[in-house]
Amino acid sequence: MRLLDTTLRDGEQAPGVSLSPDEKVDIARALERAGVSTIEAGSACTGAGERQAISRVTDLDLDARITSFCRGLKGDIDLALECDVDGVHIVVPASDRHVEDKVGTSREDNLEKTAELVDYAKDNDLWVEVIGEDGSRADLDYLEDLAEASLEAGADRFCFADTVGHTGPEHTYEAVARLAELGPVSAHTHDDLGLGVANALAAISAGADLVHCTVNGLGERAGNVALEEVAIALAHVYDVETADLEELYDLAQVVSRATGVQLPPNKAVIGENAFTHESGIHTDGTLKDDKMYEPYPPETVGRERRLALGKHTGRAGVKATLEEHDVDADDGEIAEIATRVTELGDRGRRVTDADLLAIAEDVTGEDRDRVVDLLDLTATSGGAVPTASIRLEVDGEERVASGTGSGPVDAAVSAVREALGSMADAELESYHVDAVTGGTDAVVTVEVTMVRNDRSVTVARSEADITRASVTAMVDALDRLLAADQQPLAPADD
């Protein structure tokens with residue numbers, strides 16, 4: 001059982017997604033690390049830029065088979081050959097709607113042309129998969145004829161395509177079972193009905209041994225079946241290994257950054273909430289037995305478990321989070337802290353680590369001297385190069401620095417790092433605008449998560465200016481991280 005990834009082709013067809021050659025190379029390398037067997041690198045017929053990108057991927061000399069998508073035209077196969085791909089996917093119409101209305105041909109002529117295209121591709125030493133487009137709405141007898149003609153002409157496999165996410169697992173099983181009697185079959189499923197994984201698993205059960213997927217479920221309309229969901233479902237439920245599961249989260253992040261498509265928080269496997277617990281009952285149970293409220297350990301897919309804070313947080317969650325930050329509190333103090341966290345959550349606030357620590361300091365009476373404090377910030381973006389200057393107090397010492405960047409926020413962050421020097425080697429793990437109010441006096445809330453020496457802290461700050469909100473949140477997060485280490489900062493780098 002193998003996976004074919006089409007993120008670089010079908011995934012890129014999602015509205016607003018356009019990948020550069022460098023981004024395609026980065027994603028291809030991440031797919032290779034995850035052990036994906038076949039990578040559809042693009043459609044060579046799209047243009048010279050796409051062919052350059054495909055060629056960049058083939059030049060990587062990956063273990064994975066690299067392929068190109070081709071329409072039912074010999075010219076498309078020729079363009080794919082120019083990119084030095086290992087194989088091609090030749091898409092031909094399968095349903096009468098596509099055969100007669102879209103292509104304007106007959107069933108018989110379609111069979112004959114398909115055989116000619118396969119023969120031509122095989123003569124050029126290509127691995128060949130024929131995709132019966134709109135196969136889920138095709139007459140099954142004709143779909144069998146199309147598969148048989150393809151395989152007899154030399155195709156390595158025939159693909160059952162639920163092109164518009166139309167069908168359900170029962171019909172998928174019936175169709176693939178009939179096709180599998182003729183030869184190797186793959187499945188290409190979309191998620192328009194939310195049945196992408198169900199149809200993929202039905203196809204596998206019926207005899208398919210290759211499934212087309214995209215990372216994060218990218219694709220046209222509601223997207224393709226998600227690679228990470230198929231991989232974990234096969235491994236966890238059926239004990240079938242198709243990929244290196246520990247690489248799935250890193251792969252998801254690589255694709256998210258390249259495409260600009262954020263990971264939905266409630267997304268299976270890769271979403272922020274997949275291994276995050278806020279409910280007091282769930283948190284308490286998870287702390288007692290990590291299998292209590294999770295189907296598999298987060299480490300399986302390269303994740304870590306998180307305890308979130310909010311109105312549902314109980315004492316166990318508060319105690320565990322405080323222990324992560326080396327904060328000591330007795331049972332009575334923990335109960336009071338938990339009550340305040342609940343009250344804050346009741347007001348619609350997401351309670352961050354910084355909020356919790358501030359509450360804990362107030363309840364326990366433990367005053368803390370700040371390590372880093374923001375004194376002044378100036379940022380400009382009207383010129384050719386956005387610039388920012390910053391004034392910080394670091395361990396009682398005033399430091400001033402400036403920076404440039406792609407925007408005012410980037411410039412200000414550069415200035416902060418310059419002021420703090422190499423000892424402030426924290427990584428910005430996540431950054432997003434959490435909420436914006438309307439009107440001319442709009443307030444923006446920026447939330448950041450920063451990591452240093454295996455310790456992380458999340459801070460949210462609200463300001464009228466996004467640059468100040470971003471810098472304030474980062475400085476507060478760095479202050480918490482540096483204070484936790486209890487090590488003096490080195491002077492700023494010259």
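Buried here means under 20% relative accessible area, exposed means over 50%, and partly exposed is whatever falls in between, using a 1.4 Å probe and protein chains only. The model is a predicted one, so local features need pLDDT of at least 70 and side-chain atom pairs count only at pLDDT 80 or more, while totals for chains, interfaces and linings use all residues. Residues are numbered from 1 along each chain as its sequence is written, and side-chain values use heavy atoms, with hydrogens and water left out.

Of the 494 residues in the protein chain, 50% are buried. Contact means heavy atoms within 4.5 Å. Taking contacts between residues at least 6 apart in sequence, 64% join residues at least 24 apart.

Back to threonine 114, which sits in helix 5 (residues 107-123). A polar atom of the threonine 114 side chain lies 2.8 Å from the backbone oxygen of asparagine 110. Leaving aside residues up to four places away in sequence, threonine 114 touches Val92, Val130, Leu146 and Ser150.

Glutamate 228 belongs to helix 9 (residues 227-238) and is buried, at a relative accessible area of 2%. The glutamate 228 side chain pairs up with that of lysine 267 in a polar contact of 3.0 Å; such a contact is a pair of N or O atoms within 3.5 Å, where within protein one must be able to donate a hydrogen and the other to accept it, and residues adjacent in sequence count only if both atoms are side-chain atoms. Beyond four places in sequence, the residues touched by glutamate 228 include Thr214, Leu248, Lys267 and Ile270.

Arginine 157, in strand 6 (residues 157-162), is also buried, with 5% relative accessibility. The arginine 157 side chain makes a polar contact of 2.8 Å with the side chain of aspartate 209. The C-alpha atoms of arginine 157 and proline 184 are 4.8 Å apart, although 27 residues separate the two along the chain. Pro184 and Asp209 are among the residues that arginine 157 touches, as are Arg2, Trp127 and Leu151.

As for helix packing, helix 6 (residues 140-152) meets helix 7 (residues 169-180) at about 40°, with the axes 10 Å apart. Axes are lines fitted to C-alpha atoms, for helices over the stretch in contact, and angles run from 0 to 180 degrees between N-to-C directions. The angle therefore makes helix 6 oblique to helix 7, given that under 35 degrees is roughly parallel, over 145 roughly antiparallel, 65 to 115 roughly perpendicular and the rest oblique. Helix 6 contributes Leu140, Asp141, Leu143, Glu144 and Ala147 to the contact, and helix 7 contributes His171, Glu174, Ala175, Arg178 and Leu179.

Finally, two aspartates have positive phi without being glycine. Aspartate 61, with phi near 55°, lies in the loop between helix 2 (48-58) and strand 3 (65-70) and is exposed at 66% relative accessibility. Aspartate 239 has a phi of about 60°, is placed in the loop between helix 9 and helix 10 (248-259), and is exposed with a relative accessible area of 65%.

Terms used:
Helix = DSSP H or I, 4+ residues; strand = E, 2+ residues; numbered from the N terminus.
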